[in-house]
Amino acid sequence: MSLDGFQRALADAVASPSRCLELRRDGSLLETYDLDDRERRRLLAVVGHEGMSHNCTLYRANRLTPLARSLPRTCALLGARLMPELEAFWARKPNTEVQFKLEAERFAHYLSERCNEGAFGVADELAAVLRVELSDLDRQFGLNSHF
Amino acid sequence: MGAATGIGLVFNSIVPHFLAAHVDTVDYVEVIPETLWTDRGRLATRRYEPIPAAFDEVDALAERYPIACHGIGLSIGSASALDEQHLAEIRRFADRYGVDRISEHFGFSRVRGPEGDDHHLGLAFPIPCDNDILSWMIGRIERAMGILGQPIILENGVHHTPLIEQDMTEPEFLNRIAEVTGCGVLLDLHNLHADHRNGGHAPLAYIEALDLEHVREIHIAGGSMIGRTYTDSHAGPCPPEVWDLLVDVAPRCPLLEGITFEFHDSYFPRMGSEGLCQQLQSAREIWAGLPRRHDVT
Ligand SMILES: [Fe+2]
């Protein structure tokens with residue numbers, strides 16, 4: 001049994017629709033994982049199954065949900081910039097954080113860095129909204145440590 | 001507080017307000033303990049930070065209702081080391097509220113990270129039902145139950161991408177685990193319905209293959225379409241097919257303790273208090289028609 005390799009290969013695929021497409025074209029990409037023949041066939045059947053695109057959608061939706069629920073005004077203020085910034089944030093932080101408060105803090109930290117880089121025309125407003133939402137989270141979660 | 005038997009509701013932000021106005025609609029409340037704390041991960045020195053406001057709400061509910069525990073964070077099927085810290089935290093939760101039913105999901109939602117930490121997928125996947133996995137899983141479940149101090153109840157999940165070439169079916173796998181370890185089964189009828197809507201096996205085929213004497217709880221829920229996929233989104237009322245399944249299967253589960261309705265709080269406006277009351281009342285009528293051993297004492 002090489003369940004660890006199987007699960008890691010599946011996790012890598014679900015996090016990346018483009019990785020799924022690559023695997024559909026070239027199953028030999030699985031050679032970097034410790035897998036037996038049956039597991040390799042299974043994984044290729046999984047990534048080739050029409051339900052895999054739904055898995056990928058759920059994965060992204062479940063990464064977005066903690067931020068949309070914890071930082072709604074920040075997300076609204078970012079508007080059309082939200083998705084590109086999220087893509088960049090997820091590329092920097094490939095490990096999913098399912099704890100709402102921790103993920104909100106990670107994204108806030110990322111946005112602060114982007115503000116310092118001059119990425120936003122509304123940096124002052126963004127910083128103010130973030131401050132308010134983070135202190136709301138502190139109250140809600142009963143903690144007062146972030147960053 | 002008595003046992004968590006009868007009709008239950010999964011705790012969310014709406015439930016305290018709803019129950020304040022509709023006190024007798026449920027017999028117990030089922031709490032997802034992971035919503036009561038922030039978990040900084042297994043490498044953290046101070047891993048669990050309680051959310052006081054959330055505990056306050058559950059404390060208040062626990063004065064009136066028995067509490068059942070429905071974990072989402074253990075990932076019993078992960079190839080990484082069994083998360084004994086997490087089990088110990090669930091045990092503390094169960095002891096605090098006198099919980100006599102602890103359920104978890106049968107599958108995995110975490111993979112081993114590079115430094116012994118965890119990478120979370122944010123969604124649960126099935127594990128392969130193979131002979132070698134069976135003996136490994138039995139060992140993990142026995143260890144988990146030792147820490148919890150009571151049997152764990154495993155819930156069937158959804159299968160958007162079925163696994164091929166398995167040594168046995170999932171119900172056969174669950175039967176074997178339950179026989180050896182004494183764990184129970186939480187039969188989620190909406191998950192079976194969702195699989196069927198998406199082209200998977202017929203719910204009754206799964207149910208017929210499952211030893212129903214292991215079933216201690218049933219979940220019912222509603223779903224919704226996301227793109228071309230029917231999703232177990234807990235989006236409101238149960239579809240008629242789920243009610244039909246409940247009518248069929250509940251009388252055949254001799255050790256059934258509870259029927260729990262799951263809904264996601266963000267969908268509450270679609271259902272409203274009246275709609276929620278109707279769901280719970282429908283479940284109660286089915287419960288009331290079960291053989292007398294099911295009666296709440
Ligand atoms: Fe469920």
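Colleague: Which residue is the bridge partner of E217(B) in β14(B)?

Modeller: In this predicted model, the bridge partner of E217(B) in strand β14(B) is G258(B). Residues are numbered from 1 along each chain as its sequence is written, while chains are lettered from A and ligands numbered from 1 in the order in which they are written. Local features need pLDDT of at least 70 and side-chain atom pairs count only at pLDDT 80 or more, whereas totals for chains, interfaces and linings use all residues, and side-chain values use heavy atoms, with hydrogens and water left out.

Colleague: What makes β11 and β14(B) a pair of strands?

Modeller: A strand is a DSSP run of E with at least two residues, numbered from the N terminus, and two strands pair if DSSP finds at least two bridges between them. Strand β11 (residues 215–221) of chain B is joined to β14(B) by 5 bridges and the two run parallel, so they meet that requirement. On β14(B), G258(B) also stands opposite G6(B), and strand β1 (residues 6–10) of chain B pairs with β14(B) in the parallel sense over 4 bridges.

Colleague: In which order do the strands close into a barrel?

Modeller: The 8 strands of chain B follow the order β1-β2-β5-β6-β9-β10-β11-β14, with parallel pairing.

Colleague: Why is β14(B) called largely enclosed?

Modeller: Buried means under 20% relative accessible area, with exposed over 50% and partly exposed in between (1.4 Å probe, protein chains only). In β14(B), 5 of the 5 residues are buried, so the rest of the structure largely encloses this strand. G258(B), T260(B) and E262(B) are buried on one side, and I259(B) and F261(B) are buried on the other. E262(B) has a relative accessible area of 5%, so it counts as buried.

Colleague: Which residues are the protein donors of the iron ion?

Modeller: Donors are N, O and S atoms within 2.8 Å of the metal (3.2 Å for Na, K and Ca), and sites may look incomplete because water is not among the atoms. E155(B), D188(B), H219(B) and E262(B) supply the donors, lying 2.0 to 2.4 Å from the iron ion.

Colleague: Why is the arrangement around the iron ion called irregular?

Modeller: Four donors count as tetrahedral if all angles lie between 85 and 135 degrees; four count as square planar and six as octahedral if opposite donors are over 155 degrees apart and all others between 65 and 115; anything else is irregular. The 4 donor atoms here subtend angles of 82 to 167°, which makes the arrangement irregular.
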